[in-house]
Amino acid sequence: MLKVKDSCTGCGKCEKTCPFGAIKVENKKAVVQDNCNLCGGCVQVCPFDSLELERKVEKKDFTNYTGLWVFTEVKEDGTVRNATLELLSKGKELATELGQDLCAVLLGSNVGELAGVLARYGAKRVYIVDQPELKEYNTDAYSTIIIGLITKHKPNIVIIPATPLGRDLAPRIASTLEVGLTADCTGLSIKDGLLLQTRPAFGGNIMADIMSPNTRPQMATVRPNVMKMAEPVEGARCEVVREKVSIERGLLRVKVVERTRTSMPGEKNIDEADMIVSGGRGACDEGNLRLIEELAKVMGAAVGCSRAVVDLGIKPKSHQVGQSGKTVSPKLYLVAGVSGAIQHLVGMKSSDVIIAINKDPDATIFQVAKYGVIGDLYELLPKLTEAIKRERGL
Amino acid sequence: MHIVVCVKQVPDTTEVKVNPETGTLIREGVPSVINPFDQFAIEEGLRLRDKVGGEVTVISMGPPQAKAVIQLGLALGADRGILLTDRAFAGADTLSTAYTLAKAIQKLGKVDLVLCGMQAVDGDTAQVGPGLASTLKIPQITYAETVDVTEGKVRARRTIEDYNEVVETRLPALCTMTTPSNFVPTDPPFSKIQKAKKKPYEEWTANTIGADPEKLGLKGSPTWVKKVYAAQTKEKAIIIKGSADETVAKLVEILKKEHFL
């Protein structure tokens with residue numbers, strides 16, 4: 001229920017904010033109407049902290065839930081995805097603060113050797129389920145096994161990279177266990193012994209701090225490329241707990257029947273690239289993204305693009321940055337011919353250095369850029385490519 | 001075949017602005033629209049129905065004004081619309097929403113395929129679809145761009161990272177849909193909007209679906225939003241202009257200064 005405390009002065013800020021018109025000031029007091037949707041918008045604007053969404057912290061004993069688990073995403077080449085190493089790096093800080101163990105969960109086929117890598121990034125213990133059926137990710141098999149591990153070992157916190165795989169897996173686990181799960185976090189910290197999860201909403205315009213006090217484990221998916229990866233500690237070791245699981249054939253309900261690579265062999269992938277040169281519709285010259293690609297090549301950068309470029313059939317979707325594409329945060333994002341639709345901005349605005357080139361001085365892309373170049377990319381990019389070639393002695 | 005499409009009414013995120021002082025959304029004058037991924041899910045469901053026969057039911061959970069998105073679904077061609085609306089549903093997080101939708105779908109009886117948008121553009125969580133599949137204990141295919149049904153199986157095409165995939169599972173199943181590059185949402189003509197008003201439309205409450213009150217709305221939501229605030233705005237960009245040669249020289253200097261060259 002939404003409670004109005006005595007300290008309410010009837011200032012009316014809540015009334016103006018409520019998107020449902022469900023709060024009215026009567027006799028200098030806010031009065032909650034029947035159509036209140038409990039969205040909490042009013043709680044955020046009250047200058048006197050007079051509004052409160054009343055909820056009880058249940059006095060359940062969670063002391064037997066301990067440890068912070070990180071899910072290990074294994075890449076096709078058999079190595080650990082950076083997103084997992086980033087989570088271990090962050091997880092190590094959080095686990096230290098809680099005085100609990102940092103653990104990794106590793107599923108796959110012939111993946112045992114990766115425990116060493118996980119140890120170097122801070123894992124004290126690695127739970128391994130290593131079976132041929134787990135070579136490729138399967139929603140049913142992976143979720144069922146992890147649910148089993150969680151039920152058996154009772155971790156306090158489980159964090160999973162918010163990659164396509166992680167976003168497929170995590171809600172399946174959380175829903176079955178009926179525990180809280182926060183999607184796509186960009187910040188994690190400990191507050192009052194609980195995991196405080198920070199995530200963007202409304203296309204990154206607002207941030208929300210979220211907690212799950214009444215359920216365990218506390219679960220979150222975390223956006224790749226946001227947490228800083230720590231330096232690996234050479235010689236670090238960890239305990240290995242191997243679990244054997246029998247996987248019924250009937251459990252593998254979803255099958256991949258066809259799989260084709262969309263990127264060229266040897267092409268730089270934007271997911272983990274340090275530098276990305278990216279182009280939008282404005283950079284598509286006679287049906288190609290040549291100017292962007294040439295600059296990327298001399299810089300040693302990966303090629304990104306906006307949705308419009310994919311829509312035009314110029315680049316495959318694997319290059320697309322933005323809401324329906326990939327979220328990236330390279331050290332350098334150099335972008336030309338993108339006006340800056342919010343759908344694109346959410347996918348790249350956390351990049352370290354953004355350099356934007358656009359003819360229109362009012363283009364929204366300049367709002368997220370560190371350096372804004374007002375000019376004609378058709379004139380600038382070839383010259384820039386040549387200049388860099390000279391710098392690099394190419 | 002019975003296809004159920006789950007949809008959500010969202011504020012038009014392209015119109016949403018933030019009050020930099022309070023950090024709250026300025027919702028005044030922001031139109032409510034159907035989540036774009038959900039409209040695609042409806043249209044894909046209808047295409048499938050027209051191909052293999054059967055019916056499409058559109059359901060949504062939301063306040064009474066969310067009727068508008070159900071009406072849109074009916075105008076696009078859906079056969080039946082259900083709005084789950086009850087004070088008890090208010091304040092639901094993704095777990096509670098998935099539970100509520102699951103109870104409604106179970107009440108519908110035989111359902112072969114559930115379609116959802118990949119995510120809603122207001123929260124971007126992408127959690128309700130998989131959560132719903134999990135609650136219904138059916139397999140899920142996420143990020144589908146097109147779905148087809150043959151011999152009791154659903155086959156979906158999707159792009160996951162650097163791969164195009166064709167994925168298959170048996171029915172009943174749930175697919176979350178993402179819009180393919182060439183998708184243009186249909187704007188139904190007035191005549192169809194008028195006709196849609198005569199199609200079966202119901203409003204269901206917690207009672208109708210026989211839900212456990214402990215699992216509904218704010219009460220049934222394990223995640224608590226503690227604080228909402230405006231995202232930090234970046235410092236203003238350093239603007240570079242001038243002749244092409246000057247600009248390029250400055251850019252090279254910047255790239256060196258930032259250690260990219």
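**Helices, cores and loops**

Mentor: Let's begin with a helix pair in this predicted model. Helix α5 (residues 139-153) of chain A packs against helix α6 (residues 164-177) of chain A at an angle of about 50°, and their axes are 9 Å apart.
Trainee: Which residues in α5(A) and α6(A) meet?
Mentor: From α5(A), you have A:Thr139, A:Tyr142, A:Ser143, A:Ile146, A:Ile147 and A:Ile150. They meet A:Asp168, A:Leu169, A:Arg172, A:Ile173, A:Thr176 and A:Leu177 in α6(A).

Trainee: OK, switching to the inside. Which residues touch the most other members of the largest nonpolar core?
Mentor: That core has 148 residues, and the ones touching the most other members are A:Leu106, A:Leu118, B:Val5, B:Leu132 and B:Cys175.
Trainee: Which element gives the largest share of this core?
Mentor: Helix α3 (residues 94-107) of chain B, with seven residues. On the chain A side, domain 1 (2-53) and domain 2 (68-251) both contribute residues, so the core lies between those two domains.
Trainee: Back to B:Leu132, what is it in contact with?
Mentor: Setting aside neighbours within four places in sequence, B:Leu132 contacts B:Ala98, B:Leu101, B:Ala102, B:Val114, B:Cys116 and B:Leu174. There's also another core, apart from the largest one, with 49 residues, including A:Ala296, A:Val310, A:Ala369 and B:Leu255.

Trainee: You mentioned domains. How is chain A divided?
Mentor: Into domain 1 (2-53), domain 2 (68-251) and domain 3 (275-392). The C-alpha centres of domain 1 and domain 3 of chain A are 45 Å apart.

Trainee: And how many residues does each chain put into the contact?
Mentor: Chain A puts in 84 residues and chain B puts in 75. On the side of chain B that touches chain A, β11(B) gives the largest share, eight residues.

Trainee: What about chain B?
Mentor: There, the bond from B:Leu171 to B:Pro172 is cis, with omega near -5°. You'll find B:Pro172 in the loop between β11 (163-170) and β12 (173-177) of chain B.

Trainee: What's the phi of A:Asn27?
Mentor: Near 50°, which is a positive value in a residue other than glycine. A:Asn27 is in the loop between β2 (23-26) and β3 (29-32) of chain A.
Trainee: Is A:Asn27 buried or exposed?
Mentor: Exposed, because it has 6 C-beta neighbours inside 10 Å, and 12 or fewer counts as exposed.
Trainee: And B:Glu161, buried or exposed?
Mentor: B:Glu161 has 20 C-beta neighbours inside 10 Å, so it counts as buried. B:Glu161 also has a positive phi, about 50°, though it isn't a glycine, and its place is the loop between β10 (153-160) and β11 of chain B.

Key: Residues are numbered from 1 along each chain as its sequence is written. Chains are lettered from A and ligands numbered from 1 in the order in which they are written. This is a predicted model: local features need pLDDT of at least 70, side-chain atom pairs count only at pLDDT 80 or more; totals for chains, interfaces and linings use all residues. A nonpolar core is a set of buried Ala, Val, Leu, Ile, Met, Phe, Trp, Tyr and Cys residues joined through C-beta atoms within 7 Å. Helices (H or I, at least four residues) and strands (E, at least two) are DSSP runs, numbered from the N terminus. Domain bounds come from an automatic or database domain assignment. Two residues are in contact if their C-beta atoms, placed from the backbone, lie within 7 Å. Axes are lines fitted to C-alpha atoms, for helices over the stretch in contact, and angles run from 0 to 180 degrees between N-to-C directions.
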